[in-house]
Structure formats: C-alpha cells, structure tokens
Amino acid sequence: HLDLTRVSISGLQYVRRMGLGLLVYFLTSLKGIISLYIYAKLLGAAGLGLATLLILAATVLAPILRVNTIYTFAVFSSHLTDKNVIANNFYSALYSSLIFSVIGSGLIFLGALSLNILSDEVWFYLLLVVLFAFAINYKDYATVLPQSYQKAGILSIFTFFTEYSGLILSVLFIGVGYGASGLILVHIFVYVFCATVGFYYIYRDLGLVTAIDWALVKQFVVLSLPVIPLAFSQWIVQSLDQYLVAYFHNVEKVGIYAAAMTISSVIMIAYSALTYTFGSAVFRFWTQGEKERFSRYVFSTLKWGIVLFSLGSALLYIGSTWLIQFLVSAEFSDAEQVILPLALARSLGAISLIISTVLYTVRKPILILWAFLITALINIVLNLLLIPEWSVMGAVVATLISYGVSSIILLLYIKNNIRLTWPRADLGKSVLFAVVIISLSLIIKPLASVSLLSLILSVLLIGCSSLLMVWLIRMITAEEMKIVQSMVAFRRIFQG
C-alpha cells in the first residue's frame, strides 16, 4: 500500500532540497564559466595552464589533509539529532584532520628539501599550494555541518560568496600584475574568511566540547587511513594527465584542456541534483534494514543519472562551437573537439562516485580502493601511451576509458557482494536512451554550428527526442509516476 500523503510530503521536501542543490551547483558552474571567459582574456592559454597546474598541486595535498574525514562525519552524523553527539563527532573529525594536516604538509616540504628543488620561486609556489590546500580543506569543514543540519541557506550563502568574491578579487589582482599566483592568493584569503564565518555558525549552534574524545579521534584516523591511496588514485585519474600534457607538449595545451574541462563541468549539475540527499538517504535505508527501498533508490538514481548525463553531454556537444567562440579566443579552438568525450568521461566519473557511496554505506570501502587503484593504473598506462602522440585528445580518451572501467568494476562489486534486486530492464532502457541521444547529437552537430537559429532548432530537436524516447520505452515506472502525481495533487490542495 502506497501512502500518497506521506509520499507527496517527502517528495516535495526532496524536490526542494534537490532544487536548492541544483541552484548552488548552477551558481558555482556559472562562476566557472565566467572565470573562464575572464581568465582566458587576461592570462591567455599559457597563463590559464599555469594557474591550473598550481591548483592541481593543491588538490594533491588536499586529500592528505582531508582523507575523507568530512565524508565520514557526514555519513555517520546525518541521522543524528543529539547536538552533543554531533558536536563530539564533528570536533573529533576536525582533530583527526589536523593530525593529517601537519603530517601531510611536513612530508611535502621534506620531499622538496630532499630533492634539493627549493629555489626562492619554488618556495613561494609551494607555500601557496600548501596554504591553498589548507584553505580548501577548512572551508569545506565549515560548510559540511550546515549541510548535515539541512541549513542549506547558509551553505548556499557560503558557496555564492566564496566563489564570486574570489572571482572579483582575482580579476583585480591579475589586473595589477600578480598573474596566476594572484588567482591563488585571492582564493586563499577568501576561503579562509569563508571558513571563519562557517566555524562561527558551528560554534553558535554546538558550542565547544569541554574535552577531546581521543577514542573517537582514533576511530576517525583508523577509518581515514585506507582512504589515502583511494584519494591519490582519484587525483591521478583527474589530474595527472594535465602534468603529462605540459611535460610532453606545453603549458598552452594545458590551458586549452582546462577550458574544455570547465565547459564540460556543467554536466555535473545533474550529479549535484541527484546526490544532494543521496548519501544520507541510502545510509538511513540500509541501517534501518529497508533493503528493498535501498535497492530501488540506488538503481533509480543510477537510471536517471544515465539519462541526465547523456542528455547534458549531447546538449553541450551541439552547442560547443558557439560556447568556444563566445567564451574564449581563437587559441582555444582545439577545445571543441574534446568537449563530448570529456563530458562523457565526467559522467562516468560521477556514476562511479554514486556507486562508491553505496559501497561505503554498506561498509565495503576496500572494494572502492581496489577499483580506483586498478583505474589509476590503467589511466597512467593509457596517458603515457596516448598523450605523447595525441596531446589533449589522448588525455581525454584515457580518462574516458578509465572511468568506464571504474564504473564496470564497481557495478560488478555491487552485484557480487550486495544482494540487491537488479532492475535490468530499467537500466537497459537508460543505456538505450543514452546511445540514441548521443548518436543523434553526432548527426545534427554540423547543423547546429551553422547559425544561432539552427542551434536553437537542434536543442529543441534533442529535447523533443528525449521526451519521446522516455515515453516510447516507458522510462518512468508506475511507482515513480504515482509519486509525481501525488506531489502535484498535494501542491494543488494547498494552492486551493
């Protein structure tokens, strides 16, 4: 029996949260597009490439500082209501992160000293990288608790303020001659300020713990240790190829790659909408023993994830000519040819993250580790084989294959280690939808590049074809249709 009132209320709450998550990520993605337009004009391909390499250097240190304690805290505290317990968990995760922060940054500097590479310029850039990694880490800590508390308004303000104030100030710093390092300096200051404001809200809500629970700190450290190789594996797949492009070719190619990645990142709006409440929901279903609801929720998210990612990739591809012409100069024109495979690669990466969340929820982190280690190894080999000859396209193809392998391995792990009801027909329909829509975008891409009118017509064709496909192959299940109908009916009651 389906309680339509309960479904409609929970459905509306989910849509509101999903919509807010979508808005936050849309504003962040929009900032990325605006940044690309400005930085491409001010820095050129070479300057944008250097800034990208500096940021990536910070991201290799950030996993050492964070080692997934934020995710651990969010998962293990999302179902709690006792503020004292939440505060104890939060501060224990924070202290464990501080331990890794000191050890990680110390190892970075010791490594640089042992290699005797610390010239004055390298010291400056290395210090920037470490400070930037700390700023990223604690800015995230300052926003994870409001998110767990469902204080999404605070989180939205943090995100909006951080991203857009950093953009404005970095333009000023670049304009007065600081170049790529000015971009990093500004974001360090902005993130630190945002983290300070965030910790104020946390202190106001939770206060300070009177004593450190070292047993809980130890538990967080032990939980985090296996994640270190996982974090580095993810960094290899996401970032190593850009250093190899710079090594085998030049930093301008990295700038072109960065432009393509920024444009393709719009596809992650779908991921944000799908997963805004995914982690806490699957954790609640699993711990409460609701295996059937857990299974339906997981596979429904995967099904619609494939649909949204493929549709987004198709739309990005048919509009790539106009996006490149509008956002950047002619020196970035090579970015157009990698937009589609890069969008598909990011889509597969997002699907891998969804599946990883499921495995983490059921206490199978070692399976995630093995999957990403295998993926990282494949990615390294493919990058070394393809980048010297194919440059940016070789890096994109390597990433696409690597994430495809990762998704397959993780799905096989779920099939073999968790007893779930597999809706093979629904997943098959979503894959069929993806193949048809991507194929259609390949066919009409030349038409979309002719004029703005042809682009609009092509977008409408893709949209109408998507709706037709959803109807023809019966993508929406009876249960999903009832939820939608009950949500509409519930809203009409209150509007009436």
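Phe-285 and Tyr-297 are both buried, a term that stands for under 20% relative accessible area, with exposed meaning over 50% and partly exposed the range in between (1.4 Å probe, protein chains only). The structure is a predicted model, in which local features need pLDDT of at least 70 and side-chain atom pairs count only at pLDDT 80 or more, while totals for chains, interfaces and linings use all residues. Residues are numbered from 1 along each chain as its sequence is written, and side-chain values use heavy atoms, with hydrogens and water left out.

We can turn next to the aromatic pairs. Rings of Phe, Tyr and Trp (its six-membered ring) pair if their centres lie within 6.5 Å, and planes under 30 degrees apart count as stacked, over 60 as edge-to-face and the rest as tilted. By this rule there are four aromatic pairs. One of them is stacked, because the rings of Tyr-37 and Phe-326 have centres 5.8 Å apart and planes at 20°. This pair links distant parts of the chain, with Tyr-37 in helix α1 (residues 4-66) and Phe-326 in helix α13 (residues 320-327), 289 residues apart. Helices here are DSSP runs (H or I, at least four residues), numbered from the N terminus. Tyr-37 is partly exposed, at a relative accessible area of 36%, whereas Phe-326, at 59%, counts as exposed. The rings of Phe-285 and Tyr-297 form an edge-to-face pair, since their centres are 5.7 Å apart and their planes stand at 75°. Here Phe-285 belongs to helix α11 (residues 278-287) and Tyr-297 to helix α12, 12 residues apart.

Helix α12 (291-318) also takes part in the second largest pocket, as do α14 (339-361), α16 (392-417) and α17 (424-448), each giving two or more residues to the lining. A pocket is an open set of points on a 1 Å grid over the protein atoms alone, where a 1.4 Å probe fits, with protein on both sides within 12 Å along at least five of seven lines; lining residues have an atom within 4 Å of a point. The volume of this pocket is about 460 Å³. Of its 17 lining residues, Ile-306, Leu-348, Ile-351, Val-431 and Ala-434 are the closest to the centre. α17 gives the most to the lining, with five residues.

Helix α9 (residues 251-264) is mostly covered, with 10 of its 14 residues buried. Among them are Val-254, Ile-256, Tyr-257 and Met-261.

How values were computed:
Grid points are joined across faces, edges and corners, and a volume is the space filled by probe spheres set on the points.
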